[in-house]
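Here is a short tour to follow with the model open beside you. We begin with the whole chain and then visit a few places within it.

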Amino acid sequence: MADQALFATSTLVVNIVLARWFSVEQYGTYALAFSIYLFLSTLHNAVLLEPMTVLGPASYRKSLPSYLGRLLRLHFVVTILPGLAVGIGGSVFGLFFKTSVLPAALWGVCVGTPFMLFFWLWRRAAYLELRPDVALRGAAVNTLANIALMFLFHARGWLTPFSAFVVQAIAGMAASVVLMVSVRPRLQFDWLDDAMRTVLKQHWEYGRWVVLTALVFWVAGDAYYVILASTSSVNDVAVLRAIQNLVRPVSQFIVAITLLLVPWASARFADRERLAFRRGINRITLVFTAAAVAYLVGLAIFGKWLTELVYGGKYTQFAYLLPFVALTVLFVAAAEGPAIAVRAMQAPSELLWAYSAAAVPTILFGVFLARRWGIMGGALGLAISSFAYFAMLSYRYRIRLALTLPIVVEPDAGGFAGGDETFPNFMIPTKIGVSGSNITETVTGSSVSRQEGTRSSVLESPPAGPSSAFREGHTRVPVRRENLRIVTTSWDDGDRADLRLAELLRSKGVPGTFYVPIARDWGESLTHSDLRRLSVEGFEIGAHGYSHKLLWRLSPAELAAEIEPCKPALEDIVGQEIRMFCYPQGRYDANAIRALKEAGYSGARTVRMLATGLDFDPFEMPTTVQVYPHPRSSYLKNVIRGRKIDSVQTCLAHCRRLSNWLDLSKRLFDSTLQNGGIWHLYGHSWEFDEFDLWKDLEQLLDYVGKREGVTYVPNGELLQVLSEGKQASGAVTES
Ligand SMILES: [Zn+2]
């Protein structure tokens, strides 16, 4: 950490003193040349450093010194050749445009690059050997040498855009020597032996994506220096860079931490710890975004003063650009969690996607923006690009996560396979999944952990309905999972209006679960005899907390008080096992889930919407739609909060319909019919009068009820159907 800070400080100080000392034109030229150096450095990073960080610990843990020796040779190839190209290109440019300032600066890049990047190589190598202390020593030498030499050159009047690179090359070399003393690569002189070929092949295979990435990355960001230089003048480049200097510490801080976190994330990923991985990444995103926001606020308040202070009045009139330039940092910070994640997943192609998304605006309107609004256009373009980067990377990360670390399915404990299950009276026979083909993948995502001890044998069985008849005949045929089409409904809060709702549901043949709090302090609640009646009619009764308190950030004692008494109390009332719970207002945390498991519940329903998939944690049962005229934004918020890729996709696919809940419900039902899945309707009956929803609900139930090939179950039964599907023993067949 300390060496990262040192390095960032050194870069910043160098840039700031140069901005102060150089004329605007000189500084613009230097900044332009430096952006070309950065381009070479991203190439270097792609071919050497990035593959090395990943391959080093994975493939060369036992032979690091000779691996590093081979990288050393590779280093000079990938720095000297492109450097020469830049220098020669600069001279050609100078011949045509009769200028010597830029060509000199570009030869500076040519001379400086191999040595400046040399330091980067050994610094990364020190991390590979887990010796941050060594990296720190190197960074200290680099920083001190850089700053001391800059001041020396300035005092002597030697400082030019060219010599600024020479200074950095000397400092890089000095630091490399210090690092190499400790890291000790083993040099070999067999240039292209098999081992070297393997290294090249591996690095190329990993790095080729990063090379392309580097190219688009440069187009997305630094291309604006070139665009500005060509559309107006290098003076604009100087201004943009000078303003960016004030924002850069944050980006450098981010890059520095990335280095530290990738190995950690790689290890989590290698362990296949999905939850730990995802949580870690989320936490990183949060911390980084918060830091960037804090920085933005600081800039908004002190920006002008800071510019004045740093540049001694030179660039103060451009301080208004600061917020726009800083927007870039905000988006980059917000994307850093996913950026670390895809690196750890060894999926650098995802970064390519993201940078490509960022490069598109630059290519499309970069020149236009710069011509139209000059520096401001450049700053705006950078902000747009970084937003595109953030959006694309977050999206690709979610997809990648869903693909590579699917929700883990635990083998079912195998409780309820016996004959004591009950189906609601109106359960409609279905013809599901009796395909003769042998399906190996019959897993469902729900791992229902039933606790034998909680199954009370004194609970009276409900009257046997038609379900028991076809239950007898069910055979142990594997269920083709994609054929499962399930309709379930659930209704919260135990209001008296539930009785009217139950009537309606019964008449349409749709079962449901009523989640009732024990002590509710508003409205008119269902009585005990109401609950008994609902239960006898085949509806499921579920718990909804003792007092409808939000089960979020509560102490274990508070959680116990809200959760534990519900189950026995409701079981006493209805004489049935209470298996399901519903989180009041959908709020819960890991402690709440733990408390529910301890209290013997089988699952719990959330308020996540737009889900139709069969894979979910039983204690995070999602829903599909709520009987409620939500505005579009509520769905978006809900989906963002739920952070599940399937909901996001549903939301995108149906975004036109989001403003009409009835239409949305029907279309989602259609797609469930077509593709399989669960269609879960929920709502609060006490809202139906207020929003005049009864008619629409009736129409909807007409639409979804009594369909062939659909399994109609209350929530608890749903978990059971899924678990039976998983055991390949519960194929529900048509009698
Ligand atoms: Zn509620």
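## The chain as a whole

The chain holds 24 helices and eight strands; helices (H or I, at least four residues) and strands (E, at least two) are DSSP runs, numbered from the N terminus. This is a predicted model, in which local features need pLDDT of at least 70 and side-chain atom pairs count only at pLDDT 80 or more, while totals for chains, interfaces and linings use all residues. Residues are numbered from 1 along each chain as its sequence is written.

Of the 735 residues, 49% are buried (20 or more other C-beta atoms within 10 Å of the residue's own, with C-beta atoms placed from the backbone). Among contacts with a separation of 6 or more, 81% join residues 24 or more positions apart; a contact means C-beta atoms, placed from the backbone, within 7 Å.

Let's look at S2 (residues 513-516). Strand S1 (residues 485-492) runs parallel to S2 and is joined to it by three bridges (strands pair if DSSP finds at least two bridges between them). Serine 490 has threonine 513 of S2 as its bridge partner. S2 also pairs with strand S3 (residues 540-543), again in the parallel sense, over four bridges, and here valine 516 is partnered by alanine 543.

Helices link these strands. S1, helix H15 (residues 497-508) and S2 form a right-handed β-α-β unit; right-handed means that, with the strands pointing away from the viewer, the path from the first strand over the helix to the second runs clockwise. From S2 the chain passes through helix H16 (residues 528-536) to S3, in a β-α-β crossover that is right-handed. S2 is covered on both faces: Thr513 and Tyr515 are buried on one side, Phe514 and Val516 on the other.

## Helix H19 and its neighbours

Which residues of helix H19 (residues 590-598) are buried? They are Ala592, Ala595 and Leu596. Seen down the axis of H19, they fall within an arc of 100 degrees, so they line one face of the helix (the arc is that of the directions from the helix axis to the C-beta atoms). An α-helix has 3.6 residues a turn, so residues three or four places apart point the same way.

The buried residues of H19 pack against helix H17 (556-563), strand S4 (580-582) and strand S5 (603-605). Just after H19, glycine 600 adopts a positive phi of about 95 degrees.

Key
A residue is buried if 20 or more other C-beta atoms lie within 10 Å of its own, exposed if 12 or fewer, and partly exposed in between; C-beta atoms are placed from the backbone. Two residues are in contact if their C-beta atoms, placed from the backbone, lie within 7 Å.
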